[in-house]
Amino acid sequence: MLLAGQIGEGPATPCCSETADGERKNVEEKSDSIAALAGDEQVSEGTDHGDLRSYVSAFIEKEVGNDLQSLKKLDKLVEQMTESKMQLEEQVLTISSEIPKRIQNALKNAEESKQFLNKFLEQETHLLSSIDRHLLTAQPWMEDLGAMINQIEEIERHLAYLKWISQIEELSDSIQQYLMTSNVPEAASTLVSMAELDIQLQESSCTHLLGFVRATVKFWHKILKDRLTSDFEEVLAQLHWPFITPSQSQTTGLSRPASAPETHANLETVFCQLLKLQTSDELLTEPKQPPETCSPASTSVLLPIQVMLTPLQKRFRYHFRGNQQTNVLSKPEWYLAQVLLWIGNHTQFLDEKVQPILDKVGCAVNARLEFSRGLMALVLEKLAADIPCLLYDDNLFCHLVDEVLLFERELHSVHGYPSTFANCTHILSEETCFQRWLTVERKFALQKMDSMLSSEAAWISQYKDITDMDEMKVPDCAETFMTLLLVITDRYKSLPIASRKLQFLELQKDLVDDFRIRLTQVMKEETRAPLGFRYCAILNAVNYISTVLADWADNVFFLQLQQAALEVFADNNTLSKLQLGQLASMESSVFDDMINLLERLKHDMLTRQVDHVFREVKDAAKLYRKERWLSLPPQAEQAVMSLSSSACPLLLTLRDRLLQLEQQLCFSLFKIFWQMLAEKLDVYIYQEIILANHFNDGGAAQLQFDMTRNLFPLFSHYCKRPENYFKHVKEACIVLNLSIGSALLLKEVLQSAPGQPPATAALNEVGVYKLAQQDVEILLNLRTNWPNTGK
C-alpha cells in the first residue's frame, strides 16, 4: 500500500515526442500493476490473520465448485496466477527504481525556486532604496508644483466666476435691448435662461454670486411681469372678465363680436408670454404655508391664472375680510357659496379658451383645477383666520364644520376638485381644531341621545303600519341613533389622515357603548314585564344595532380603517399577536367588541323572556302532569280521539305567548325565541311528564295524540317540521306506542347487545335517533301492557 501511495505522484516530463506513446503505455501498465499489487496485498493481509488453507479452499470452491469436470481448469489457473505474479514482480522492480529519481528531481526544483526567491528579494530591497532616494530628491519639486497647481486652480475659479458674471450681464443686456425694441417674447425667453442659470447655481457656495443672480432675475422679472400683467388685464377687460353672474358668463360665451378673434389671439399671445415667467416666478415666490398645517406641499398657481384671479381675490377680501356686513362669523356659507359660484361661472371659459392654450404649449395643467386651487387658497386663508374665533362657541363652530363639509362635498363631486390638493379638511385636521371638533361631536351626539330616548315615540317604529318596511320592528330611538352614527361617518370619511379617522371611529364606538348602557338601564326597569311592549322594543333595538354594525364591518371604508388600525396597533404594541393576526386575516372587525357586548345583552334578554314564558307554561301544565296515564281507555274504545282537557291551559298559554311575541319581536329574534322555548319544553315534557308516569295503551296513544296533533302544530307556522325540535318527546311517543311484538323484540335486542351496533340499528329502525339506549330501556319499563309470561 505504501508503493501505491508513492506511485500516485505525477510522472516526469518526457524528453522527446517519440517516447510519448511508450510513456503513456508504460503508465497504464503501471496503474494496472498497482491495482493487482494492491489486490494481492489485501489478500496477503487477510491471510496473515487467518488460515491460508481455508483461503485456498474458498478460492478453489469459487473457481471449481462441486463440478468435477471443472478440475481441468486447474492447470490453466496455475499458469495464469504464475504469469500474474511475474508481471507484478517486474512492475514492483521498475517502480522501485524510478521513485528515488523523482524525489531527487523534486528536491532539485525546490532548491532552484529558493534561489530565484532570494534573487527577487534582493532586487526588491534595491528597488525600495532607489524609490526612497528619488522621492527625497523630488520632494522640493513636488512642493513647488503643488503651489503652482493651487494658483492655477484659484485663477480658474476666478475666471469661471467672471464668466458667470459676464454671462449674466450679457443676458441682462439682451433683455434690456429686447425691451427697448418692444420684443417682449424674446425678453421673456431670455429671462427663462437667466432663471435656469439661477437654478444651476443653487448648489454653489458663492453667496455673493447667488445674490447677484437672484437680484438680476428679480429686477427683470418685476419689469416684465408688470408690463405683461398690464397687457393681460387689458385683454381680460375686453372679455368682461371676471364673470360675476352666470348670465354674464353665458352672454360672453355666446356673443361673437367682430373683434372676438383678435381678442382671443391677443389673449393667447399674452398668456403664453406670462407663462414663460413661471420659472422665475416660482424662484422668487416663497410658499405661504403655516408650519403646523396638515396641508400637502403645493406649487404656486400658474402666473397667468394668478393675474386672472386678482380681481376675484380683491372682491373676496373686500367682502369677507374687511368691515363689510357680509363678513359675519356666523355665516360661513356666504363666502363658501360665493367661491362655488365663481368656479361655476368661469368653468366654460376656462375649458374652452384657456385649456387649449395650455395644451398647445405642452403644459400638463388643468386650467379649471388651477383656477379652483387659487380660489381655494382664499378659503383656507379665511378659515385659518376665523376658526380661532369660533373654537369656544359650540354652535358657531359646529355650523362652520357643517358648512365646510357640504362645501367640500360639492367641490369634489360637482367640480372634480382632487382630494390630493390642499382643501378645507386639512385645516379641520390640525390638532387644536380637530380636538375641538371631536369634543363638539361627542357633546351634540350625547344631547341627541338624551332627546331621542326621552321622546314619547322613542320605542315606536316609524314604519309600524308598513309591513314591508317593518321587518326589523326597529324603534325610533335605535334608528335615529344609527342615523346619527352614519352622519358622523359621512362627516369624517373625507379626512386626509388615517389617524384622525381612527379617532372618530373610537368616538363612534364610545357612543355605541354609551347607548348600550342606556338601553340596559331602561331594560332593567322593565324586567318585571319581560313580555311587555317596551321590553320587546329594547330587544329589537339591540338586535338592529348589532346587525347594522356587522354589516358595516364588511364595508370597504371600515375595512380600510381596520388596516390602518392594524398598523397603529402593531407600532404601539397595544394588542397581542393573536389579536393582530385576527385583524390582519379579517377574522375580526373594528366593531367586534361592541357586537359581542350587544349579542350578550340580546341573549340575556331573550333568555329572560323564554324563562318567563316557560314558567307560565309550567304553571298551566300542573293538571296535565297529574293525568292518569295508567288508566285511560284504549284508542279502540274511543270513537274519535280528542285533546286531553288538562292540556288545554298549557296549549292556550303557549299559543297566546307565541302570537304576542311574534307581533312584538322581529323575525330573527322570534325565531331564536321559539326555538329556545321548544328546546326547554321538549326536555320538560320528557322529564317531568313522560319519565314521571307509567302508561297503558290508552295513555300512550293519548300522549302521542296530544303531542303530534296539538302541541307540534302550534309551531308549524314557523317551520315545516316542528317535531324535529321535540326529538325527546317524539321518540318517547314512538317507544311507548310500539306494538307488543315490536317492543318485546326491541327489548330483547337491547338486553342481548347493549351498546353494540345491532342495538343502534334496532333503535334506528323504529325511528329512535336522539335517545340513548338506557333511555329507551327506561321508557319500555314505563309501559304497563306487557303480556303475563308467568315469571
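Me: In this predicted model, over the face of which residue does Lys 493 lie?
Reply: The model is predicted. Within it, the distance from Lys 493 to the ring centre is 5.4 Å. The ring over whose face Lys 493 lies belongs to Phe 557.

Me: Into what do ring pairs link Phe 557 and residues such as Trp 437 and Tyr 492?
Reply: Phe 557 is linked through ring pairs with residues including Phe 434, Trp 437 and Tyr 492. Phe 504, Trp 552, Phe 558 and Phe 591 also belong to this group. Together with Phe 557, these residues form a cluster.

Me: How far from the ring centre of Phe 444 is the charged end of Lys 443?
Reply: The charged end of Lys 443 sits over the ring of Phe 444. Its distance from the centre of that ring is 6.0 Å.

Me: Is Gln 609 buried or exposed?
Reply: Gln 609 is placed in helix α21, which covers residues 592–620. A residue counts as buried when its relative accessible area is under 20%. The relative accessible area of Gln 609 is 0%, so this residue is buried.

Me: Which backbone oxygen does the side chain of Gln 609 reach?
Reply: Leaving aside neighbours within four places in sequence, Gln 609 is in contact with several residues, among them Pro 530, Leu 531, Tyr 535 and Leu 661. For one of these contacts, the side chain of Gln 609 comes to 2.8 Å from a backbone oxygen. That oxygen belongs to Pro 530.

Me: How many Å apart in space are Gln 609 and Leu 661, C-alpha to C-alpha?
Reply: In sequence, Gln 609 and Leu 661 are 52 residues apart. From C-alpha to C-alpha, their separation in space is 9.5 Å.

Me: Why is the pair of Phe 614 and Tyr 684 edge-to-face?
Reply: The structure holds 30 aromatic pairs. Phe 614 and Tyr 684 have ring centres 5.5 Å apart. Planes over 60 degrees apart count as edge-to-face. The pair has this label because its planes stand at 90°.

Me: Which helices does the pair of Phe 614 and Tyr 684 link?
Reply: The pair joins distant parts of the chain, with the two residues 70 residues apart. Phe 614 counts as buried at 11% relative accessibility, and Tyr 684 is buried at 8%. Phe 614 lies in helix α21 and Tyr 684 in helix α24.

Me: Is the pair of Trp 674 and Phe 715 stacked, edge-to-face or tilted?
Reply: The ring centres of Trp 674 and Phe 715 are 6.0 Å apart. Trp 674 lies in helix α24 and Phe 715 in the loop between α25 and α26, so the pair ties together parts 41 residues apart in sequence. Both Trp 674 and Phe 715 are buried. Their planes are at 45°, so the pair is tilted.

Me: Which residues touch the most other members of the largest nonpolar core?
Reply: The largest nonpolar core has 192 residues. Met 308 is one of those that touch the most other members, and its contacts beyond four places in sequence include Phe 232, Trp 241 and Phe 349.

Me: Is the peptide bond from Trp 241 to Pro 242 cis or trans?
Reply: Pro 242 lies in the loop between α6 and α7. Omega for the bond from Trp 241 to Pro 242 is near 0°. This peptide bond is cis.

Me: Is His 240 buried or exposed?
Reply: His 240 also lies in the loop between α6 and α7. Its phi is near 60°, a positive value in a residue other than glycine. Because its relative accessible area is 52%, His 240 is exposed.

Key
Residues are numbered from 1 along each chain as its sequence is written. This is a predicted model: local features need pLDDT of at least 70, side-chain atom pairs count only at pLDDT 80 or more; totals for chains, interfaces and linings use all residues. Side-chain values use heavy atoms; hydrogens and water are left out. Helices (H or I, at least four residues) and strands (E, at least two) are DSSP runs, numbered from the N terminus. Buried means under 20% relative accessible area, exposed over 50%, partly exposed in between (1.4 Å probe, protein chains only). Contact means heavy atoms within 4.5 Å. A polar contact is a pair of N or O atoms within 3.5 Å; within protein, one must be able to donate a hydrogen and the other to accept it, and residues adjacent in sequence count only if both atoms are side-chain atoms. A nonpolar core is a set of buried Ala, Val, Leu, Ile, Met, Phe, Trp, Tyr and Cys residues joined through side-chain atoms within 4.5 Å. Rings of Phe, Tyr and Trp (its six-membered ring) pair if their centres lie within 6.5 Å; planes under 30 degrees apart count as stacked, over 60 as edge-to-face and the rest as tilted. A charge sits over a ring if NZ of Lys or CZ of Arg is within 6 Å of the ring centre and within 35 degrees of the ring normal.
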